[in-house]
Structure formats: C-alpha cells, structure tokens
Amino acid sequence: MQLSDRISGSAIAALGAVAFFYGSKLPPVPGQQVGPSAFPMVVGAGLVICGSLIVFGIGRHFEEVAEADVVSHARPEELEPMAAWRNWLALLPPALLAFYALASETLGFLPTAAVMVLLCSLAFGAKPKLAVPLAIIAPFVINLIFLKLLRVPLPGGILPFPW
Amino acid sequence: MDTVIKAFGLVFQFDVMIAVVASAFYGLTVGALPGLSATMATALLVPVTFYLSPIAAIATIITASAMAIFSGDIPGCLLRIPGTPASAAYTDEAYAMTRKGQAETALGICLWFSALGGIAGTLSLMLIAPLLAEMALSFSTYENFWLAMLGLMCSTLVARSSPIKAIAAMLLGLLITCVGIDNPGGVPRFTFGSTDLLGGIEVIPALVGVFALAEVMRSLTERDPPKIENRKLGSILKGQWKLTKEYPKQQTRGNIVGIIIGVLPGAGADMAAWVSYAMAKRFSKTPEKFGTGHPEGLIEAGASNNASLASGWVPALLFGIPGDTITAIAIGVLYMKGLNPGPTLFTSQAESMYALYIIFILGNIIMIPFGIIMIRLASKVVGAPRSAVMPVIMIFCAVGAFATAGNNLFAVWCVAFFGVFGFVMEKNGYPVAAMVLGIVMGTMVEQNFVTSLIKSDGSVLPFFDRPVSSVLAAMTFAALLWPVFSWTRDRLRGRGRVVAA
C-alpha cells in the first residue's frame, strides 16, 4: 500500500487535470458569469499544483520530522516491519462490506453478518472457540438493537429475525 | 430565565437521561480500547442518533465524545498506548508516573482535570458564542467564505505531516462534494450516468469509512497490544484537590489554551494537548522533571484537550465550521435534526442552546463517578481481544451507514470505498482529517464562493476590500505560508530537529 510520492503525486495531479477539464465542459447558467464549472476548476487546478509539488518532494521535510517523532515515541518491537501479506489482509474488511452489499438482501442480515464476523474474527487470529459463538451472538444482538431500540428493519432474507 | 427553565425541561427527560448514561459508558469503553479513537466513537454513534429526539441526539454526541477523550488517557497511563490521538502528547509522562507506582494519581489527574477543563470549556462556549453571534449576523458570503477557508487551512496546519499533502487531501475532500446535482447550476456533475451519485456522496458513510473501517483495516496490519497487568489501584481522587491548589497557573493556562485552540476552526483536542504540554514544559520552573513522571504537564494538557472539546462547538454552532473532526460529525447531526448552524440559532432556538450547555456541564460532572468505575474496570476493558471487538465494529459500519442512508445499499459501497481510500491515504502520509473537513464544508465553501462571485460580477476585489474579510483573508494566507516560514527558520538554525533526533 506504500506508494512512492511520485506515484501518489502524479495520480493527484492527473485527477486534478481531469476535474479541471470536466468542470470546464459543464453547461453555464444562462445570464450568469459564474456557474457550476467554477468550483471544480479551482479545486482541480489546486490539485494539479499540489500533485506536482508532491512529485518534486516539496514538503517531505515535515514528514521526516513527524516520522522521527513517532520513532522516538515507539517501543522497539513496534518498529519491526510486519510481513507483507498482513498489508493485503487489510483489504478483508472492505471486501466483507462488499459482500454485505451484494448478499444481504437475498441471504438476510443474520447469515450475512455471521459470515462477516466469523471471517474477520479469524483474520484477527481468534480461535474458533471464540469466533464461532461471536458470529452467532453478535449479529443477533445488533439486529435486536436496530429492530427494537431504533426500529430499523434489517433485511430478513432466508433467515428473518425470529420475533 | 423562562428559556433556562424550558431548557432544563428539555434535558431532564427520560429518553435524554438514558441517552446520556448509555453514551457515557459507550464513550468510556471505546476511548479506553487502544486504537479506537474518540472520532470513531462519535462516527459510529451517528446512525443511532438518527432515530433519537434532537436533544437526545446531541446529548449522545456530547457525552460520548467527552468521555472518550478522557478515557483515551487510561491505556496511555497503564500501557503507554494512547487510547485516542488527543492523549498522545502526554502518554509518556503518564506512563512514567505509573512506573513510579503512582498509577492512581496519574489516572486521577487525567480524570479530575479533564472534568474541570470540560466545564471551563463549556463556560467559555456560553460566554463567547452569543457575543460572536452578534458579530456573525453582519457577515456576508465573503466573510463566510474566508472563515471556511481559514478552517480548512488550519486543519492542514495541525496535521502532523507534509502541509502540501494535507492541502491535497483537503482539496480531494472538496472535489468529492462536487459530485451530484447539488450545485449552483443544478446540473449533474461527476455522476457518470449513475443515479446513486446524483444525490452526491453523503458525509456519514464517508466518515464511517474513513474513521471506523480504515481503523479496523489498520489494526489488521498491526500487532496485538501488550497485555495489561492486573494491578490494585488506590483511591483515584486522593490528593487531586492538593494538586489543584498547587498548580493553579498550569491548570488555568491549559484551560485557556484549550479554549482558544478549540475556537479556532480546524484545530481540536489533539492540537490542544500537544501545545499545552509544550507550554507547560517551556514555562515550568523544573523543566528537567518532564518525562520522568511529573504531574505538571499532565495537568495542563489533560485540562486543555477537554476544554477544547466544548469551545470547538463555537464555530460549529455559529457558522457550521467544525473545530475538529468530532464537531464535524456533530454538525452533520445538527443539520439532520433541523438545528441548522448559524447565528440565528441563538435567538430562534435559544432553549435548545441552553439545553446543549446543560448537557455539557452534566456530562463533565458525571464523568467523575463514571470515570472511576471505568478505571476500576480498565484491566478488563483494555484487555478485550481485538478479534472480538473489531468484527463487531465492522458490522456496525455496514448497518449504521445502511440505516442512515434510508436503507440504501449504495451507502455500504461508499463505506467500503472510503475505508480503502482512507487506509491508503493514511499509509502514504495524507491526513484523512483534512479530507473529511473538506467533505463536510465543501458545499458551503462552493455556495459562498459562487454567490460572492455572482454578486461581484466575477471580480475578486470584494473578497479583499471589506474590513473583516480582509483580516480573515490575511489569516488564511498566513496559515498557507506558515510552513514555508517554519521550514526557512529550521534551515537557518542548521537542519533543525531531524538531525537532532
């Protein structure tokens, strides 16, 4: 996930350029000089400037100061790099949210959330002894809170809330 | 007087009291868990407040955020891991006291002076806000534009990262608010033919994604925090009165600095704690004792971060400009509940404003007994396994966003997207708080900007030639140029702190 400043800076500058040109194409409001295109163009131009400055490493000095500060406050074992695959593991929660968006209407809240809790808990290194009961109880309690206290119905699907 | 009595009537109701007690325990728990910030606690509460009465909704936000800022000190004291970023400034000091066997005094200082600071902040809110409201009534779109810009620039200054990256993050936030048809021309912008994007990107799913889901993601890449020792703690409040009398100057200075930083748009509790700790050390008679478990800095910074919390509501209530990320969320709740921020709020909704003050005072008073309970339970709560807490938070991210967006699954996609986006930004040194302030304020900035330009026939001169707006403009540019100045100064002093560290 760690990108070089060149890559992130150029991405920002490119996004700014796109926003600028897209903004300039927006239809004006008849009879007015300033319309919906002004703001995206200003913001886009700002992004182009910032992106280019980042590419050239301007402002890097401040990050070095902040990083040195973090290092001086941390304990030694925190600074050892983690295995690279842990970084990819971080994509699991958003993937599970995407799963919720796709499956909750048909499967229902309780089964969908149970799958999500189980996988997430295991990813955090839980033993099945903890993860399985948690996956059964937590969705149930959350459903109870939303249904009874806040009166928000959650999708029922194949396994609706029992009462 | 009539309004005050009405306000008491609004606050002392069954649902509000339940909301205060429940959110107090919720805030204390989330704040005490390492890695879960006060902002996250507040962001996850928003979906719940959606279904409460306006006063109960505001009460939950106020109580939960105040409690979370205090209880962030608990793991700081006991484990040297700040529970929230606002405690990071004095974590070392508090932990040094614990190592000297004074854990109860350290925790007591955090609790006692947090509560006092919170009350001082509330008093300042009661005094300053109505005064500024008079002035704010004469503001036109030019002043509002500069005030919003000043808030955005301050939010980039306080980020402990490259100011250019912070400005880029802030601009990204502004660009995100361009999506949708809510713009001066009413034309669809950046919607790419999607009907979901026509309504724009909602603030709450973005907040939940950036502050809650991204935290879950980040903690997957980090090690488990160390286990907490089960230690017997003595009386928490013993000796606090003596310390109050011993260090009145530090406490007052902490309160005042906290209040000033809170009122500044864009700067909040984290900043207040850092500045106050540094000031305590600078003006101390015994600066060499700092870092060895000396109460002075702890008192000043602990009072400061809680004081800033209440005064942070001043720009939020008057202009809809957040003092920090927590008030950014609170503004969303205010709009949701029909209490649209603005100077007229103090006349048209006076009893709601008094109710808000009462809740602040009440929250800071109950902080003391509830805080003591939490400190007693700390070894259990702080030690709660991440593998049980994080999955539940993830489910709340999904359901909460889904519920606030009128049961629309697009919100869940937004949370997932902003989770990834926030995670990648944070990893690469782009401060997400600046982006969030951009998202919260974008529509307002654009409206004021475009309306001002229409009024002036496209000329930028009126932005600078009105007295108040010229001062605000000068402050904004000073904030923009400040990093250049400080960089040059470091250069002249010979390469600055990097080499020294």
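Predicted model: local features only at pLDDT ≥ 70, side-chain atom pairs only at ≥ 80, totals over all residues.
Visitor: How much of chain A counts as buried?
Guide: Of its 163 residues, 36% are counted as buried.

Visitor: What about contacts in chain A between residues 24 or more positions apart?
Guide: Those make up 61% of the chain A contacts that have a separation of 6 or more.

Visitor: Which domains does chain A get?
Guide: The assignment gives domain 1, covering 5-80, and domain 2, covering 86-149. Taken over C-alpha atoms, the centres of these two domains of chain A are separated by 35 Å.

Visitor: Let's look at a helix pair. At what angle do α7 and α8 of chain A cross?
Guide: Helix α7 (residues 109-123) and helix α8 (residues 128-149) of chain A cross at roughly 140 degrees, and their axes come within 8 Å.

Visitor: Antiparallel or oblique, then?
Guide: Oblique: over 145 degrees would count as roughly antiparallel, and α7(A) and α8(A) are therefore oblique to each other. Their crossing is right-handed.

Visitor: Which residues meet there?
Guide: From α7(A) you have F109(A), L110(A), A113(A), A114(A), V117(A), L118(A), S121(A) and L122(A). Among their partners in α8(A) are L130(A), L134(A), I136(A), F140(A) and N143(A). By type, the residues of the α7(A) and α8(A) contact come to 17 nonpolar, two polar and no charged.

Visitor: Switching to chain B: how do α3 and α4 cross?
Guide: In chain B, helix α3 (residues 38-49) and helix α4 (residues 54-71) have axes that come within 9 Å and cross at roughly 160 degrees. That makes α3(B) roughly antiparallel to α4(B).

Visitor: Left-handed or right-handed?
Guide: α3(B) passes α4(B) in a right-handed crossing.

Visitor: Who touches whom in that pair?
Guide: A38(B), A41(B), T42(B), L45(B), V48(B) and T49(B) of α3(B) meet residues of α4(B) including A57(B), T60(B), I61(B), A64(B) and S65(B). The residues of this α3(B) and α4(B) contact split into nine nonpolar, four polar and no charged.

Visitor: OK, how many residues does each chain put into the contact between A and B?
Guide: Chain A supplies 69 residues and chain B supplies 64 residues.

Visitor: Which elements of chain A give two or more residues to that side?
Guide: They are α1 (5-24), α2 (38-55), α3 (60-73), α5 (84-89), α6 (92-107), α7 and α8 of chain A. The residues on the side of chain A that touches chain B divide into 50 nonpolar, 14 polar and five charged.

Visitor: Where's V34(A)?
Guide: V34(A) is in the loop between α1 and α2 of chain A.

Visitor: Buried or exposed?
Guide: V34(A) is buried, because 21 other C-beta atoms lie within 10 Å and the cut-off for buried is 20 or more.

Visitor: What is V34(A) in contact with, leaving aside its neighbours within four places in sequence?
Guide: V450(B), L453(B), I454(B) and G458(B).

Visitor: And how far is V34(A) from L47(A)?
Guide: V34(A) and L47(A) are 13 residues apart in sequence and 21 Å apart in space, C-alpha to C-alpha.

Visitor: Last one: is M1(B) buried or exposed?
Guide: M1(B), in the segment before α1 (2-11) of chain B, counts as exposed because it has 5 C-beta neighbours inside 10 Å. C-alpha to C-alpha, M1(B) and P391(B) are 49 Å apart in space, and they are 390 residues apart in sequence.

Terms used
Residues numbered from 1 in each chain as written. Chains lettered and ligands numbered in written order. Axes fitted to C-alpha atoms, helices over the stretch in contact; angles between N-to-C directions. Helix = DSSP H or I, 4+ residues; strand = E, 2+ residues; numbered from the N terminus. Parallel < 35°, antiparallel > 145°, perpendicular 65-115°, else oblique. Left-handed = near helix turned anticlockwise from the far one by under 90°. Contact = placed C-beta atoms within 7 Å. Nonpolar A, V, L, I, M, F, W, Y, C, P; charged D, E, K, R; others polar. Domains from an automatic or database assignment. Buried ≥ 20, exposed ≤ 12 C-beta atoms within 10 Å, placed from the backbone.
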